[in-house]
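Here is a short briefing for a first look. Keep the sequence and the model side by side while reading.

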Amino acid sequence: MEQLTLGLEQPDTTRLFDEVAALPILKVAFKKVKKNRGTPGPDGQTIEAFASEEDVHLETLRSELTGWTYQPGPVRRVVIPKPDGGERLLGVPNVRDRVVQQAMKIVLEGLYEPIFSEHSHGFRPGRSQRTALHEAQGYVREGKEWVVDLDLERFFDTVNHDRLIHLLRQRVEDKRIIRLIGLTLRSGVWTEGVVEHQQEGQPQGSPLSPLLSNIILSELDEELESRGLRFVRYADDANIFVGSEKAAKRVLENVSKFIEKKLKLKVNRTKSQVALSRGVKFLGMTILAGGVMAISAGAMSKAKAKLRELVPRGGRAPLEVQIEAVNKWYRGWVGYYAMGEYPSQLKTIEARMRARFRVQFVKNHKRKKHLLRKLRARGMRYGTAYREVYTKNHGRWRLAHTMSVNQAWSIHWFDDQGLLTFSDEQRPHWQEIKAYPVL
């Protein structure tokens with residue numbers, strides 16, 4: 001970490017705790033916590049309840065901090081299933097603890113941001129998944145098509161507390177801040193009324209966690225820069241771009257040794273890989289030859305699975321309610337994935353939306369004669385509709401893709417019902433995407 005301070009004037013870090021405990025900073029911190037919403041921690045207090053007596057709660061926090069009676073509570077354990085079958089462990093702190101952590105983040109971020117690597121994009125002001133992907137695109141366009149895709153095994157759960165405190169002490173002179181972070185790390189995990197105190201790991205999902213992660217992994221950034229490697233890191237997701245398979249394999253082996261011996265973290269050798277960029281998923285996207293960006297196959301599969309959940313075959317909710325739910329999800333999804341350079345992928349998802357509704361319409365007409373009557377009422381020719389409903393022996397999914405069903409409930413019919421479409425600039429809702437924030 002010594003390289004961090006070279007050429008930079010060391011700011012005064014002896015009074016950082018006083019800034020964290022100041023009422024104006026606590027007010028700003030709560031404003032951010034309130035904006036991020038979130039569920040209650042173990043004490044059950046909601047953000048709304050805290051806000052109803054904001055001045056009282058913040059003054060109490062300030063008094064506890066300055067009098068050293070503040071004790072962070074344990075975080076509530078939340079287990080989120082991963083698509084690959086694993087689990088992601090999240091920690092939900094109490095609202096008051098979120099405010100203190102957010103205050104520390106505000107103060108420490110100003111100290112660390114100037115020294116973080118330009119190739120680090122996760123959870124930093126002015127940076128995002130988009131900026132990370134655009135940098136990765138540039139490397140592939142330069143001819144660095146071989147990727148070292150590093151996977152850190154259970155990164156957030158295996159952070160070494162002593163090493164993190166050691167790193168903080170190299171930059172932060174105010175021992176009170178170090179002590180406060182130590183109390184936060186050791187506050188424990190609450191699971192069904194039982195508190196477990198852990199010697200390693202930091203709760204993923206707390207306000208301070210992303211900044212601490214970047215502090216830990218800044219050593220990795222420095223090492224990769226010192227080796228002259230092209231790389232992009234977003235939180236614990238790091239890709240290194242090189243010109244040949246042989247070089248990529250050598251880099252994977254050497255960098256893995258550094259991570260495990262120096263950083264005391266574990267590289268998942270099964271999931272880490274060397275591959276051409278077209279075979280690597282990075283932040284939900286895949287960068288093809290020439291630097292062309294496409295939505296990854298995994299992200300497309302997840303989107304289709306989400307549509308199965310939103311529009312089940314046997315769904316009985318009113319059509320307008322289901323369309324509203326699909327639109328809400330799709331605005332967010334396309335707000336991120338529209339950076340892909342294959343409009344056909346958006347068309348595929350939008351076609352799947354309509355197909356899910358058509359399957360539902362077909363299923364809701366339990367008898368074929370009722371479906372035939374409905375198709376006739378929607379203007380389909382009797383002979384064509386009869387043949388497709390009765391003589392082709394289609395299952396519901398294939399029947400929903402027949403000409404009669406597609407024409408009866410056409411793209412324009414779905415437009416009239418308010419189903420959003422972004423894949424065609426001539427369609428009515430295209431302009432809405434330009435104002436939608438990146439996820």
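The mean positions of the 72 positive and 52 negative charges of the protein chain lie 12 Å apart. Lys and Arg count as positive, Asp and Glu as negative, while His and the chain ends are not counted. Each charge is placed at NZ of Lys, CZ of Arg, CG of Asp or CD of Glu.

This is a predicted model, in which local features need pLDDT of at least 70 and side-chain atom pairs count only at pLDDT 80 or more, whereas totals for chains, interfaces and linings use all residues. Residues are numbered from 1 along each chain as its sequence is written, and side-chain values use heavy atoms, with hydrogens and water left out.

**Confidence**
- The protein chain averages a pLDDT (the predictor's confidence in each residue, from 0 to 100) of 88, and 92% of the residues score at least 70.
- Over residues 1-8 the pLDDT is below 50; this stretch has twelve contacts (heavy atoms within 4.5 Å) beyond near neighbours in sequence.
- Residues 433-439 also have a pLDDT below 50, with 16 contacts beyond near neighbours in sequence.

**Overall build**
- The protein chain has 18 helices and ten strands. These are DSSP runs numbered from the N terminus: helices are H or I of at least four residues, strands E of at least two.
- Along its principal axes, the C-alpha trace spans about 85 × 60 × 40 Å.
- Of the 439 residues, 48% count as buried. Buried means under 20% relative accessible area, exposed over 50%, and partly exposed in between, using a 1.4 Å probe and protein chains only.
- Among contacts between residues at least 6 apart in sequence, 72% join residues at least 24 apart.

**Nonpolar cores**
- A nonpolar core is a set of buried Ala, Val, Leu, Ile, Met, Phe, Trp, Tyr and Cys residues joined through side-chain atoms within 4.5 Å.
- The largest one has 64 residues; V99, L108, Y112, I181, I240 and I259 have the most contacts inside it.
- Helix α5 (residues 95-112) supplies the largest share of this core, nine residues.
- A second, separate core of 56 residues includes V334, Y337, F357 and M380.

**Around R387**
- R387 sits in helix α15 (residues 382-391).
- R387 is partly exposed, with a relative accessible area of 42%.
- R387 and S404 are 17 residues apart in sequence and 9.8 Å apart in space, C-alpha to C-alpha.
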